[in-house]
Amino acid sequence: MRVTEIEKNIHQLSVNVKDILFEGLWEIPKGVSINSYVIKGESTALVDGVCGWDGVPESLFELLKRIDVDIHSIRYLILNHLEPDHAGFLDAFKAIHSDFEVICSKKGAELLAAFYDCNVPVRTVGDGDTLDLGEGRILTFKEIPNVHWPDSMMTYDTLSKTLFSCDAFGSFGIMEQSPFDDDYTDEELAEYEKETIRYYSNIIGAFSPLVIRAIDKCASLELHTIAPGHGLIWRRRLQKILTDYRGYATYHKGNAREEITLIWGSMYGNTELAVRAAIDALEESGIKYHLHQVPGSSWGDVLASAWTSSGLILAMPTYEYKMFPPMAAVLEELGKKKAYGRKVFRFGSYGWSGGAQKELEEIHEHLKLNWSFMEPYEFKGRPRAEDLEAIKQRVRALVEAVKGS
Ligand code: FEO
C-alpha cells in the first residue's frame, strides 16, 4: 500500500495485488497496482477506489487515514467505471458513510444497480459535463466507452491538468520504487512495457478502435499528468504512453512489429522435430521471435506476444481428425481479442488423416481474422529431412514477408 501526493491537494492511494487471476482468467506474474485518487477543493472527491480482491475496503480506509482524510468528508465518489476492481468497495463504503453522491456515466448508473446492493444518490455525467469542487478545482468528464467497460469515462482536473484515465494508459506490473515514470530509466521502462502490452492485449485489445477514439479525445486537453487506474503515473514521458497506446491499438489490424510468434504443440514429438527446424530458421534470420508451447503457456503470454507480432507460425498435429485441442483454444482466444491481419504459416504432423488445417480454416472464417496464409505444410508421422528443409524454406519466406510489411 502506498500514498503519494501527485499534485497539490491530489493524492494517489495505491494497493498492490499479486497471486490472483485478473478477471478470474489472466495470470499476472508481476502483479498489478490498483490506483485511486483523492482530490481536494472545498469539497473532497474520491476517484475510483482501492480494495482487496474480495471487495473488502480496509486498505482504502487505512490509506485515507494516512493522509488525514475522514471518510465522512468525501462528498463525491467518482466511478470512472463500475468494474469491481475499482468499485467493489461500494457496499462496504456505504455501510460506513451515507452522505455522498456517486458520479458516473449513464451506462455506469445501470451497472451500479446491477452489481451493487446499495441505494445511493447518483449523478450521471457525459462528455463536457463539469463538477466544481470549489477553490478553483473544476473537474470535467470524457466518456470512453469500452476502454474497458461500456460505462468507462475519464475525469480531468482543469486546475492541475491531470487526467484520471481509468483503465486507459494502464498496465500490469508493480513498480515498487515510485509511482511516477520520471523515476525510472528508459531501460526499466522498456521492461515495464512488457507488462503494459500484456495488460493491453489481455484486457483492452478487443476494443482497439475505441481506444483510438479515446486517445483522439485527449488531443483537446492540455495534459500535465496522466493518472491511470493501474500502473505508473505519466508526467515526463506523457507523450510516450499516448503514442505507445495508439501503436498497440493499431496492431490489432496486423502490420504490428517485425516479430514472429511461434505457437506449437506436439503429442509424441514429431511436430516438435519440425518446430526445432523452424526455430533454426528463425535464429538464422535474426528476426525477433517469441516461442510458446501449448498446453503449458498461459493464454495471456501467448496473446501478448501475438499482439506485437506481424507474423505467426502455428505448429500442431491433427488430433482425432481435428486440430490439437489446446491450439484451437488459444487461436479462438486470439481471434476473440481481434488479433487480425497476421501473416501466418502453419505446419504439423498427422497420422490417420489430416483435419487440423480444416479446423484452422473454420476458426479463421468464423472469427473473420483476415490472416494471410502461406501454403501449409503437413507430413505423415515423423518428418524426414526433405520435410524439415521445406518447413525451413517457408519460415524464411514468412520472415521476408514480415520484414517487408
Ligand atoms: Fe481496472 Fe477495467 O479494470
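This is a predicted model: local features need pLDDT of at least 70, side-chain atom pairs count only at pLDDT 80 or more; totals for chains, interfaces and linings use all residues.
Started with the strands: seven of them form an open sheet, in the order 1-2-5-6-7-8-9, and the pairing is mixed. I checked the edges next. Strand 1 (2–7) and strand 9 (122–124) each have a single partner strand, so one side of each is left without a neighbour in the sheet. From one strand to the next, the twist averages 25 degrees.

I picked one pair to look at. Strand 2 (residues 10–17) and strand 5 (residues 32–40) run antiparallel, and eight bridges join them.

Then I asked myself which strands helix 1 lies across. Helix 1 (residues 58–66) lies across strand 1, strand 2, strand 5, strand 6 (44–47) and strand 7 (74–78). Its direction is at about 145 degrees to strand 2.

**Largest pocket**

The largest pocket comes out at a volume of about 390 Å³. I found 15 residues lining the largest pocket, with Lys-194, Lys-288, His-290, Ala-304 and Ser-305 nearest its centre.

Where does the lining come from? Helix 5 (186–204), strand 15 (257–264), strand 16 (288–293) and helix 9 (299–308) each supply at least two residues. Helix 5 gives the most, with six residues. I also looked at the domains: domain 1 (2–251) and domain 2 (259–404) each contribute at least three residues to the lining of the largest pocket.

How does the lining of the largest pocket divide by class? I get eight charged residues, four polar and three nonpolar.

**Second largest pocket**

The second largest pocket has a volume of about 270 Å³. It is lined by 16 residues, and I noted Met-267, Pro-317, Thr-318, Tyr-350 and Gly-351 as the ones nearest its centre. Helix 8 (270–285), strand 18 (318–319) and strand 20 (343–350) are the elements that give two or more residues to this lining.

By class, I have eight polar, seven nonpolar and one charged for the lining of the second largest pocket. For the side-by-side record, I put that one charged residue next to the eight charged residues of the largest pocket.

Terms used: Residues are numbered from 1 along each chain as its sequence is written. Side-chain values use heavy atoms; hydrogens and water are left out. Two strands pair if DSSP finds at least two bridges between them. Helices (H or I, at least four residues) and strands (E, at least two) are DSSP runs, numbered from the N terminus. Axes are lines fitted to C-alpha atoms, for helices over the stretch in contact, and angles run from 0 to 180 degrees between N-to-C directions. Contact means heavy atoms within 4.5 Å. On a 1 Å grid over the protein atoms alone, a cavity is a set of points where a 1.4 Å probe fits but cannot get out, and a pocket is an open set with protein on both sides within 12 Å along at least five of seven lines; lining residues have an atom within 4 Å of a point. Grid points are joined across faces, edges and corners, and a volume is the space filled by probe spheres set on the points. Ala, Val, Leu, Ile, Met, Phe, Trp, Tyr, Cys and Pro count as nonpolar, Asp, Glu, Lys and Arg as charged, and the others, Gly among them, as polar. Domain bounds come from an automatic or database domain assignment.
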